[in-house]
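Open the model in your viewer and show it as a cartoon. Keep the sequence panel at hand. Each stop below says what to select and what is there.

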Amino acid sequence: MKPGARYRSSVCETEIVIIRVPSVVDQLTCGSSVMVPLGEDAGPEAQLTEPEEGSAAVGKRYVDAETGLEVLCSKAGKGALRFGGRILSQKTAKPLPASD
């Protein structure tokens with residue numbers, strides 16, 4: 001994994017871009033299936049029919065606070081993003097200072 005690398009889900013339409021690499025090596029999954037580099041064939045997998053809770057939204061950043069992994073969702077899908085079995089949380093914007 002390196003910054004700028006693109007991955008896709010093998011069970012739904014989700015695509016991501018790596019923003020920050022994790023401090024440890026583990027599996028990045030979506031919909032409980034390992035994500036593959038964009039352009040690689042993942043082989044036949046069962047497709048998700050129902051959206052999972054916490055499914056990825058386009059244009060949002062997701063992080064794993066434990067390892068520092070940060071990804072940007074470039075194409076939304078039905079699967080939830082996980083790293084090492086932990087669901088990635090949506091990164092919130094930093095509040096701007098108040099202007100009086």
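Which residue in β7 stands opposite Arg20? Select Arg20 and look across to β7: the residue facing Arg20 is Glu70. Bear in mind throughout that this is a predicted model.

**Stop 1: β2 and β7**

Select residues 15–20 for β2 and 69–75 for β7. The two strands run antiparallel and are joined by five bridges. Now move to Glu15.

**Stop 2: the β6–β7 hairpin**

Glu70 in β7 is the bridge partner of Val63. β6 and β7 pair in the antiparallel sense, over four bridges. Next, select the turn. Four residues lie between β6 and β7 in this hairpin. Gly68 is in the turn, and its phi is positive, about 90°.

**Stop 3**

Zoom out. The sheet is open, has six strands and pairs antiparallel. Trace the order β5-β1-β2-β7-β6-β10. Finish at the edges: β5 and β10 (89–90) each pair on one side only. As background, strands of a sheet pair through backbone hydrogen bonds, either parallel or antiparallel.

**Stop 4: the core**

Show side chains for Ile16, Ile18, Leu28, Val71, Leu81 and Leu88. These have the most contacts inside the largest nonpolar core, which has 16 residues. β2, β3, β7 and β8 (81–83) each supply at least two residues of this core. Which strand gives the most? β7 does, with three residues.

Now centre on Ile16. Leaving aside residues up to four places away in sequence, Ile16 touches several residues, including Leu28, Val71 and Leu81. Among its other contacts are Ala5, Arg6, Tyr7 and Met35. Ile16 also touches Leu72, Cys73 and Ser74.

**Stop 5: Ser32**

Go to the loop between β3 (28–30) and β4 (33–34), and select Ser32. Check the backbone here. Most residues other than glycine have a negative phi. Ser32 is not glycine, yet its phi is positive, near 65°. Is Ser32 buried or exposed? Ser32 counts as exposed because its relative accessibility is 60%, and the cut-off for exposed is over 50%.

**Stop 6: Asp41**

Last, move to the loop between β5 (36–37) and β6 (61–64), where Asp41 is found. Asp41 has a relative accessible area of 71%, so it is exposed. Draw a distance from the C-alpha of Asp41 to that of Gly31. These residues are ten apart along the chain, and their C-alpha atoms are separated by 17 Å.

Notes
Residues numbered from 1 in each chain as written. Predicted model: local features only at pLDDT ≥ 70, side-chain atom pairs only at ≥ 80, totals over all residues. Heavy atoms only, no water. Buried < 20%, exposed > 50% of the residue type's maximum accessible area, 1.4 Å probe, protein only. Pairing = 2+ DSSP bridges. Core = buried A, V, L, I, M, F, W, Y, C linked by side-chain atoms within 4.5 Å. Contact = heavy atoms within 4.5 Å.
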